[in-house]
Amino acid sequence: MSLDYKKTIYACFTGYIVQAVVNNFVPLLFLMFQNSYGIPLQKITLLVTFNFGLQLVIDLCSIGFVDRIGYRASMIIAHAVAASGLILLTVLPERFSDPFIGLLLAVIIYAAGGGLLEVLVSPVAEACPTDNKESAMSLLHSFYCWGHVGVVLLSTLFFAAAGMRNWKLLALLWAAVPIYNACVFTKVPIAPLVEEGGRGLSVKELFSMKIFWVLMLMMVCAGASEQGVSQWASALAEQGLGISKTVGDLAGPMTFAVCMGAARTFYGKKGESIHLETFMMGSSMVCMAAYLAIALMPVPALGLAGCGLCGLSVGIMWPGTFSMAAGSVRRGGTALFALLALAGDVGCSAGPTLVGMLSGNRGDDLRAGILIGTAFPILMIVSQALKRMIIKNKEGS
């Protein structure tokens with residue numbers, strides 16, 4: 001791969017760090033928003049709902065405009081919008097009589113940038129002439145995990161040194177990351193996703209393919225398997241070990257993110273010698289075992305270890321499904337990657353919601369909800385078997 005395309009890959013790595021900032025910085029400020037602006041926590045949690053809800057909408061809408069304006073322009077716009085939202089976060093709350101409205105507008109703006117990045121980064125990296133695309137895709141997605149870890153740790157260090165009162169300065173510092181990367185994307189080469197003279201498949205054409213629906217199911221399962229534990233990891237740590245929320249955040253979600261990033265980095269470095277489908281199937285089985293360990297282990301510390309094991313096992317699911325889709329559906333284009341991102345986000349929303357609802361029905365017992373959530377990795381195993389069957393039948397015919 002040429003030096004110029006390596007710069008493109010590095011810019012894509014940074015793009016996922018930007019998305020990690022968008023998704024994980026503001027939740028660190030929830031209690032500060034409550035104390036400074038007098039906003040109840042129930043209302044503040046709507047910021048998360050709007051963030052991920054708008055990203056779902058962007059996933060769907062991007063099919064109609066990304067190909068028209070091009071990937072370079074779309075990348076620059078995505079970074080600029082993400083940076084604008086983070087900057088406006090420091091300005092808008094004081095511009096409204098109800099600070100929540102200002103916060104919500106800022107979140108909506110940066111969520112639009114984050115949602116667009118989710119659609120764009122993977123296909124831009126996939127189009128680069130890399131030697132092993134499956135390994136490159138896994139390594140690419142690891143940067144979201146490392147970005148998540150970095151946002152939490154660096155923000156925590158900043159608050160310890162400068163105090164929570166200076167959160168606006170930190171928001172501006174984080175905004176510098178997408179501003180820098182937008183400038184990078186004005187120069188780096190971007191390879192076409194579909195061969196010159198060709199066209200990507202339409203949504204109608206994708207819908208007519210059996211393998212597309214199996215891949216969509218895999219993405220839903222990947223998102224649900226990941227977030228079904230990740231979103232509840234802190235509560236599991238607090239509930240099981242009787243520790244504080246601060247320690248619970250480090251012991252739960254941080255452990256999960258580090259393990260998931262480690263798995264993606266491992267496959268990114270060693271993927272040339274490991275068959276992707278074998279690694280995916282093995283990881284899905286380990287994920288099922290991790291869910292069962294969290295739900296059934298009588299020793300809470302072992303259940304928490306199950307959270308780390310779950311992080312390791314789900315690491316390959318999202319990038320691996322993207323790579324399988326790129327290899328199985330030729331000329332998938334923007335529509336394929338956008339719809340896969342949409343399916344993944346649906347899983348990310350449905351997984352923790354289902355676990356929470358089922359836990360509530362059983363007296364707020366999170367382990368009972370996780371036990372029923374074992375259905376996610378089981379469905380992942382079934383969908384991979386279906387994919388193999390479809391490809392085998394196609395080759396036979």
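I'll start with Glu 94, which at 43% relative accessibility counts as partly exposed. Keep in mind that this is a predicted model.

What does Glu 94 pair with? Its partner in a salt bridge is Lys 168, and the closest N and O atoms are 3.1 Å apart. Glu 94 sits in the loop between α5 (71–88) and α6 (99–127), while Lys 168 belongs to helix α8 (residues 167–184), so the pair ties together parts that are 74 residues apart in sequence. Lys 168 is also in the intermediate class: its relative accessible area is 26%, so it counts as partly exposed.

That is one of five salt bridges found in a search of the whole structure. As a reminder, side chains of opposite charge can pair when their charged atoms come close.

Next, Glu 226 and Arg 264. Their side chains meet in a salt bridge, at 3.7 Å from N to O. This pair links distant parts of the chain, with Glu 226 in helix α10 and Arg 264 in helix α12 (residues 245–270), 38 residues apart. Are these two residues buried or exposed? Glu 226 has a relative accessible area of 6% and is buried. Arg 264, at 3%, counts as buried too.

Arg 264 comes up again from another direction. Ser 142, in helix α7 (residues 133–162), is buried, with a relative accessible area of 1%. Neighbours within four places in sequence aside, Ser 142 is in contact with Gly 261, Arg 264 and Thr 265.

The side chains of Glu 277 and Arg 388 meet at 3.4 Å, N to O. Glu 277 is in helix α13 and Arg 388 in helix α18, 111 residues apart, so here too the pair links distant parts of the chain. Arg 388 counts as partly exposed, at 38% relative accessibility. Lys 387 joins in: Glu 277, Lys 387 and Arg 388 are linked in a network of salt bridges.

Now α18 itself, residues 375–396. At 1.5 Å a residue, its 22 residues should span 32 Å, and the end C-alpha atoms are 31 Å apart, which agrees. Which residues of α18 are buried? They are Phe 376, Pro 377, Met 380, Ile 381, Ser 383, Gln 384 and Lys 387. Seen down the helix axis, these buried residues fall within an arc of 165°, so they line one face of α18.

Met 389 lies in helix α18 and counts as partly exposed, at 48% relative accessibility.

One of the covering helices deserves a separate look: α15. It has 12 residues and reaches 16 Å from its first C-alpha to its last, close to the 16 Å expected at 1.5 Å a residue. How many of its residues are buried? The count is 11 of the 12, so α15 is largely enclosed by the rest of the structure. Among the buried ones are Trp 318, Pro 319, Phe 322 and Met 324.

Arg 331, in the loop between α15 and α16, has a positive phi of about 60° although it is not a glycine. Its relative accessible area is 42%, so Arg 331 is partly exposed.

Glu 205 is found in helix α9 (residues 203–207) and counts as partly exposed at 27% relative accessibility. Neighbours within four places in sequence aside, Glu 205 is in contact with Arg 199 and Gly 200.

Notes: Residues are numbered from 1 along each chain as its sequence is written. This is a predicted model: local features need pLDDT of at least 70, side-chain atom pairs count only at pLDDT 80 or more; totals for chains, interfaces and linings use all residues. Side-chain values use heavy atoms; hydrogens and water are left out. Helices (H or I, at least four residues) and strands (E, at least two) are DSSP runs, numbered from the N terminus. The expected span of a helix is 1.5 Å times one less than its number of residues. Buried means under 20% relative accessible area, exposed over 50%, partly exposed in between (1.4 Å probe, protein chains only). The arc is that of the directions from the helix axis to the C-beta atoms. A salt bridge is a side-chain nitrogen of Lys or Arg within 4 Å of a carboxyl oxygen of Asp or Glu. Contact means heavy atoms within 4.5 Å.
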